[in-house]
Amino acid sequence: LEQALASGEGVALEKRYLRPDGTVVWAASSLTPLHVSADYPKSVLVVTTDLSARKHAELALRASEERFRAIVSQATAGIGYADMEGRLTFVNERLTEIVGCGPRGLVGRTMRDLIQLDDEAESSHRLERTMKEGIPFQLEQRLVRGDGAIVWVNATVSAIRDPAQNVRSVATVIIDITDRKEAEEALRASQERLRLIVENAREYAIFSLDLTRQITSWNSGAQAILGYASEEAIGQSADILFTPEDTAAAIPAAEAATALREGSASEERWHVRKDGSRFWASGVLMAMHDGSGNAVGLVKIFRDRTEDLRSREALERYQDEIWEALQETERARAEAEAAGKAKDHFMAVLSHELRTPLTPVLMAVRILSRDKGLTDSMREVLSMIQRNVQLEVKLVDELLDLTRIGLGKMELFAEPIDLHEVLSSVEEVVRGDVEAKRQQLTIELQAQEHMLTGDRKRLQQVFWNLLRNASKFTPEGGSIALRSRQLMSTENPSTSRIVVEVSDNGIGLEADAVERIFDAFAQADESVAREFGGLGLGLAIAKAVVDAHGGTVRATSAGRGEGTTCIVELPLHPEHGV
């Protein structure tokens, strides 16, 4: 009012009036100044129109719109509106979450901008039809998220009409079905893998049955094993695969009943192929259930195990034969052991009986050798007799040693000994043989620790055999070496060993003879035995003695004509004594 009076111009406004009964009405008022003179207005004309009905309608519409907006904003589905050009004019929050883009990034974009390229043609065609004819549609399609990822959605598009029923815009409801699509794809892939496995399992017959035992599926393995093509088998009773005697005994029905009752039924029995031939099958019949746990059918898996059955039967036959052979072998072994003991006893008696008459012969030769009246030729004969008798004594002693070893009766007299002294004494004994063949003997005793516990005479026998063999199998003018060295253990000094090597540049050994020469009665080959003689007992006895001392002995050679090296290792501190 003041504004109208002050300005002299009309003023329009809407305001509420309070009626005498307390109700409020909306009214539109126009205030028009009335001019008494040209300079100063004196009064105002007020014209009022009742607007209550229109105002109540506007308020109701605004409340309805607010409720609708609240519902749309909180909906779990994505909702959007688009104009007749397909441009989005409104999107709710869920739609922005589905496509990974905020409202500002969506409003103003066309709906086809969101659709994956392969799905765009179908969606655009349907959208165009909706805008022209108002026909709604629903389809599953892929949208491209703001980060480039693909999301599967179920889209429902409807036309929005004006009061004249003309289409003015469209509304779309989007539901994210990515999880369902991925689950469907995983299920499809799993089913395809299962189908491929079943179809390619040619070693297994896999087929399904209904509850009446009619065949409903048939894999390639079943065709390969049983001979029926799938079109021949499907629809037939599975009883055709059983032998007549099993069918007569109701075995197929009993097996199915067991599988339905217990979940599965294992079997091993004869089955029949299409051509009538029989084969031994091993497999299982299993019940199939639906989601509610109701039995809907059976599936059978088995293999042709005929060869396994034949092998098992053959094995059972062979087991009896093998058992008989083992019994025969045991009897032969017992007989061999008895024969071996008898042989050892015979050798012991024989050796003793052979040695007994040699002793007086040697004594007689020594007595005769003292006769000063003997001619030189007679002395040579006596010397020859003495050497040969001594050789016989040595052979008999070796036979006795071998017999004791075989009987486990070799005795060792343990005492602290200096191995270097033992080696020096042996060198003195063989010096004569070495000088007789003008051989060069090198002695290098370099082991820092050479005290050990052992049998002095037996170890002298070992190294005397090795040195004597080295001289024996080395030509005149050859070289022989006797060396010792230490083999120390830094982790456990008590396991330190002394190593003695006897080397020569004699006839050497072939590779196959290196291990054999330590066996009793073994020679490198027949030519060696013919040329050098001997029974091949010395090295066998030497190995037994070294083994009894907790040591090892071995030979090495680069081959025939390359010489031989025999290596003896003895513990300086034997764990269990000698």
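Biologist: How many residues apart are R431 and E427 in helix α13, and what does that make in helical turns?
Modeller: R431 and E427 are four residues apart in helix α13 (residues 419-436), so about one helical turn separates them. Bear in mind that this is a predicted model.

Biologist: OK, and why does four places matter in a helix?
Modeller: An α-helix has 3.6 residues a turn, so residues three or four places apart point the same way. Here, the side chains of R431 and E427 meet in a salt bridge, with 2.0 Å from N to O.

Biologist: What lets side chains pair up like that?
Modeller: Side chains of opposite charge can pair when their charged atoms come close.

Biologist: Is E427 buried or exposed?
Modeller: E427 is buried, with a relative accessible area of 13%.

Biologist: How many salt bridges does the structure hold?
Modeller: The structure holds 36 salt bridges. One of them joins the side chains of K274 and E232, at 2.8 Å from N to O.

Biologist: Where do K274 and E232 lie?
Modeller: K274 lies in the loop between β11 (264-272) and β12 (278-289), while E232 belongs to helix α8 (residues 230-233), so their pair ties together parts that are 42 residues apart in sequence. K274 counts as partly exposed, at 44% relative accessibility. E232 counts as partly exposed as well, at 33%.

Biologist: Which residues are linked in a network of salt bridges?
Modeller: That would be D246, E255, E267, R269 and K300.

Biologist: Let's move on to R456. Which residue does R456 meet in a salt bridge?
Modeller: The side chain of R456 meets the side chain of E415, at 3.9 Å from N to O. R456 lies in helix α14 (residues 456-472) and E415 in strand β14 (residues 415-418), so this pair ties together parts that are 41 residues apart in sequence. For R456 the relative accessibility is 27%, so R456 counts as partly exposed. E415 counts as partly exposed too, at 35%.

Biologist: Tell me about α14. How many residues does α14 have, and how far does α14 reach?
Modeller: α14 has 17 residues and reaches 24 Å from its first C-alpha to its last. That is close to the 24 Å expected at 1.5 Å a residue.

Biologist: What happens at the start of α14?
Modeller: A side-chain oxygen of D455 reaches to within 3.1 Å of the backbone nitrogen of K457 there.

Biologist: Which residues of α14 are buried?
Modeller: The buried residues of α14 include L459, V462, F463, L466, L467 and A470. R458, Q461 and N465 are also among them.

Biologist: Back to β14. How do β14 and β16 pair?
Modeller: β14 and β16 pair in the antiparallel sense, over four bridges. In that pairing, P416 stands opposite T453 in β16.

Biologist: Which residues of β16 are on the covered face?
Modeller: L452 and G454 make up the covered face of strand β16 (residues 451-454), and M451 and T453 the uncovered one. In a regular strand the side chains alternate between the two faces of the sheet.

Biologist: New topic: the five-strand sheet. What is the order of its strands?
Modeller: The order is β5-β4-β8-β7-β6, in an open sheet with antiparallel pairing. β5 (88-91) and β6 (137-144) stand at the edges with a single partner strand each, so one side of each is left without a neighbour in the sheet. On average, neighbouring strands of this sheet are turned by 30° against each other, direction ignored.

Biologist: Which helix packs on the sheet?
Modeller: Helix α5 (residues 117-133) does, touching β6, β7 (150-161) and β8. The direction of α5 makes about 140° with that of β6.

Biologist: And how many bridges are there between β4 and β8?
Modeller: Strand β4 (residues 78-82) and strand β8 (residues 167-176) pair over five bridges, in the antiparallel sense. Y81 stands opposite A171 in β8.

Biologist: What about Q165, where does Q165 lie?
Modeller: Q165 lies in the loop between β7 and β8. Q165 has a positive phi of about 70°, although it is not a glycine. Q165 is exposed, with a relative accessible area of 52%.

Biologist: And what is phi of R438 near?
Modeller: Phi of R438 is near 50°, a positive value in a residue other than glycine. R438 sits in the loop between α13 and β15 (440-445), and R438 is exposed, with a relative accessible area of 59%.

Notes
Residues numbered from 1 in each chain as written. Predicted model: local features only at pLDDT ≥ 70, side-chain atom pairs only at ≥ 80, totals over all residues. Heavy atoms only, no water. Pairing = 2+ DSSP bridges. Helix = DSSP H or I, 4+ residues; strand = E, 2+ residues; numbered from the N terminus. Axes fitted to C-alpha atoms, helices over the stretch in contact; angles between N-to-C directions. Contact = heavy atoms within 4.5 Å. Salt bridge = Lys/Arg side-chain N within 4 Å of Asp/Glu carboxyl O. Buried < 20%, exposed > 50% of the residue type's maximum accessible area, 1.4 Å probe, protein only. Expected span 1.5 Å × (residues − 1). Polar contact = N/O pair within 3.5 Å; in protein donor to acceptor, adjacent residues only side chain to side chain.
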